[in-house]
Amino acid sequence: PPIINGAHSAISLATTDVFIECTATDLNKANVVLNTMVTMFSMYCKEPFTVEPVEVTDAQGATTTCPNLASRTVEVDMEYINSRVGTSLSSDKAAKLLTKMCLDTTANGDKLSVKVPPTRSDVLHPCDIMEDVAIAYGYNNLKWEVPRTVTVAKQQPINCFADLVRGELAQAGFTEVLTWILGSRADNFEMVNRQDDLAKAAQISNAKTFDFEVVRTSLVPGLLKTLSCNKEAPLPVKIFEVSDVVELDPEADVGARNIRRAAVLFSGATSGFEVTHGVVDRMMEMMGVPAGGERGYTIQPGCKDGCFFPGRSATVTYQDKPVAVFGVVHPEVLERFGLSNPASVMELDLEPFVNL
């Protein structure tokens, strides 16, 4: 903790007593900081490594002696260490190596009993003991071995496809934005004239703020919020986002699933409905999806989405399933976001086209 009490408590060569106080919102972290400060200062005491404890009484009347400099013991199997590091060390050899790392260690057969001092707050789990053995042994002394399994790393298909989509939208003159995946329930539903049926969005059970209550189910609110925060930007404004939304799915192992989508927004002197329509056609052309036919996409007038102005929206279907919507944003939605210029948005589900 900083020493900010001025000249009255300034430390000089004549200082004989130092009182160390630590304040924090987390008791465990406060104890870690206090122990580190006390042990480091103690080496400069008249009698090195001696400190005077104090009694602290909390608001409930409980009394605690601070600092608590007691060591703790961690038991580790040698089999665990050797299998992770790639060595065949004996327990006695490992104990000597850990001693180099300021860890007093006793070998008990195939187990190590490690005494962790208060100065090593970084040792939390057996894997930390294993890491110290590897450091003391020397990484350069480890033998190179060919892995038992041969794997070839590559990018996930959905991520590779999303990058290609980003490139095409950028070349079309749109600027990419990145918005929060968490948002308020009002932004996700009420602000865009969508019904909150409590069965679509994953909720935060212990939300600390109204700004982060649910996981977004659409990219459109984020684009509109971005536009509302950049009203001074010159017209027309052309932005896009390619990212995940989350919807509840009882069949998924965690009860919800991520869906990769792309969304664009155009705002200018006119609504730009034809611009979003053109983006749909361009993206379908890029993905090799023809217009019409059994293997193509179709655009049907209208959609059941209150975000759009009636009669100025459309639904894109592919293989008899809706994959995108686009249209002119409803004036009520624009007013809620404090926008005065008309705008059009398009949102497309990318996952049906990944393997084309």
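Arg166 comes out as partly exposed, at 22% relative accessibility (buried means under 20% relative accessible area, exposed over 50%, partly exposed in between, with a 1.4 Å probe and protein chains only). Its salt-bridge partner is Asp163, with the closest N and O atoms 2.8 Å apart; a salt bridge here is a side-chain nitrogen of Lys or Arg within 4 Å of a carboxyl oxygen of Asp or Glu. This is a predicted model, where local features need pLDDT of at least 70, side-chain atom pairs count only at pLDDT 80 or more, and totals for chains, interfaces and linings use all residues. Residues are numbered from 1 along each chain as its sequence is written, and side-chain values use heavy atoms, leaving out hydrogens and water.

**Salt bridges**

- The structure holds 16 salt bridges.
- Asp163 is partly exposed too, with a relative accessible area of 39%.
- Asp163 and Arg166 sit 3 residues apart in helix H5, so about one helical turn separates them. Helices (H or I, at least four residues) and strands (E, at least two) are DSSP runs, numbered from the N terminus.
- Arg282 pairs with Glu168, and their closest N and O atoms are 2.9 Å apart. Arg282 counts as partly exposed, at 39% relative accessibility.
- Arg261 forms a salt bridge with Glu247, with 3.2 Å between the closest N and O atoms. Arg261 is in strand E10 and Glu247 in strand E9, so the pair links parts 14 residues apart in sequence.
- Is Arg261 buried or exposed? At 15% relative accessibility, Arg261 counts as buried, and Glu247 is buried as well, at 14%.
- Arg120, Asp122 and Asp132 are linked in a salt-bridge network.
- As background, side chains of opposite charge can pair when their charged atoms come close.

- An open sheet of 7 strands runs in the order E6-E9-E10-E14-E13-E12-E11, with mixed pairing. Two strands pair if DSSP finds at least two bridges between them.
- Strand E6 (175–176) and strand E11 (297–301) are the edges, each pairing on one side only.
- E11 and E12 pair in the antiparallel sense over 5 bridges, and Gln300 stands opposite Thr315 in E12.
- H5 packs on this sheet and touches E6, E9 and E10, its direction making about 155° with that of E9. Contact means heavy atoms within 4.5 Å; axes are lines fitted to C-alpha atoms, for helices over the stretch in contact, and angles run from 0 to 180 degrees between N-to-C directions.
- H8 also packs on the sheet, touching E10, E11, E12, E13 and E14, with its direction at about 20° to that of E14.

**Nonpolar cores**

- Which residues have the most contacts inside the largest nonpolar core? They are Met283, Met284, Leu348 and Phe353, in a core of 30 residues. A nonpolar core is a set of buried Ala, Val, Leu, Ile, Met, Phe, Trp, Tyr and Cys residues joined through side-chain atoms within 4.5 Å.
- Elements that each supply at least two residues of this core include helix H5 (157–171), helix H8 (273–286), strand E9 (237–248) and strand E14 (343–349).
- Leaving aside residues up to four places away in sequence, Met283 touches Val165, Leu169, Ala262, Met346, Leu348 and Leu350.

**The loop between E11 and E12**

- Asp305 is found in this loop, between E11 and E12, and counts as buried at 16% relative accessibility.
- A polar atom of the Asp305 side chain lies 3.0 Å from the backbone nitrogen of Cys307.

**The 3-stranded sheet**

- This open sheet has the order E3-E5-E4, with antiparallel pairing. Its edge strands are strand E3 (72–77) and strand E4 (104–108).
- The twist averages 20° from one strand to the next.
- E4 and strand E5 (residues 111–116) run antiparallel and are joined by 5 bridges; Thr105 stands opposite Val114 in E5.
- Helix H3 (residues 91–100) packs on the sheet, touching E4 and E5, and its direction makes about 15° with that of E5.

Definitions and conventions: A polar contact is a pair of N or O atoms within 3.5 Å; within protein, one must be able to donate a hydrogen and the other to accept it, and residues adjacent in sequence count only if both atoms are side-chain atoms.
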